[in-house]
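Student: Could you take me through one part of this model up close? I'd like to hear about the salt bridges.

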Amino acid sequence: MASNDQKDMPDFVPEYDKPDAPGIHMNFDNTVSIYHIVGEEDGFVAAAQDVFGLLKESEDRFPGWPRVLYLDINGHLDEEGRFDDDMVELQQEFLIAALGPFFTALALPIISVINPDKQRNDVPEELVMQDPNAPLPDDTSWPREEK
């Protein structure tokens, strides 16, 4: 049996074709490309809110359509030319781990990935972020204590 067996492939693999301009773009193959550029002045919170806003708008305009996120980052490099901690966290922990299920694929500066599962379309109404050092609210803390 071949190592790249077709049964391991997702139902839909989008054509990778990054748009020429930032924004939300409908494609010929009934996919939606979301392209965002994180500016040098943008921090983690601003970038996260911007991408989430584009995700929410794309689901509102094109409900259930396969979405591909294209991200570029200007600046945000350390002395060795690597992304600073905020931009690594944005890509790995926020975009891949948290928002990844809401996309069919993500083309990020550090990696391009295809969601192995079916894209989720139950996008929350808003993105609520809190200080990473703040304690979690009791109603969302985990693991939950049985009462």
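Tutor: The count of salt bridges comes to 7, and keep in mind that this is a predicted model. Let's start with Lys56, whose side chain meets that of Asp60 in a salt bridge, 3.1 Å from N to O. Both sit in helix α1 (residues 44-61), and because they are 4 residues apart there, about one helical turn separates them. Lys56 also has a salt bridge with the side chain of Glu125, at 3.3 Å from N to O. That pair reaches across the chain: Lys56 lies in helix α1 while Glu125 is in the segment after β5 (112-114), so the bridge ties together parts that are 69 residues apart in sequence. The burial of the two partners is worth a look too. Lys56 has 13% relative accessibility, so this residue counts as buried, whereas Glu125 is exposed, with a relative accessible area of 66%.

Now for another pair, Glu80 and Arg82. They form a salt bridge as well, with the closest N and O atoms 1.6 Å apart. Glu80 is exposed, at 59% relative accessible area, and Arg82 counts as partly exposed because its relative accessibility is 48%. Going back to Lys56, salt bridges with shared partners join Lys56, Asp60 and Glu125 into one network.

Some acidic side chains are arranged in another way: Asp85, Asp86, Glu89 and Glu93 gather in a patch of negative charge on the surface. One of them, Glu93, belongs to helix α2 (residues 85-99), and its 48% relative accessibility makes Glu93 partly exposed.

Notes
Residues are numbered from 1 along each chain as its sequence is written. This is a predicted model: local features need pLDDT of at least 70, side-chain atom pairs count only at pLDDT 80 or more; totals for chains, interfaces and linings use all residues. Side-chain values use heavy atoms; hydrogens and water are left out. Patches are made of residues with over 30% relative accessible area and no salt bridge: like charges are joined within 9 Å, nonpolar side chains (Val, Leu, Ile, Met, Phe, Trp, Tyr) within 5 Å. Accessible areas come from the Shrake-Rupley method with a 1.4 Å probe; for residues, only the protein chains shown count as cover. A salt bridge is a side-chain nitrogen of Lys or Arg within 4 Å of a carboxyl oxygen of Asp or Glu. Lys and Arg count as positive and Asp and Glu as negative; His and the chain ends are not counted. The place of a charge is taken as NZ of Lys, CZ of Arg, CG of Asp or CD of Glu. Helices (H or I, at least four residues) and strands (E, at least two) are DSSP runs, numbered from the N terminus. Buried means under 20% relative accessible area, exposed over 50%, partly exposed in between (1.4 Å probe, protein chains only).
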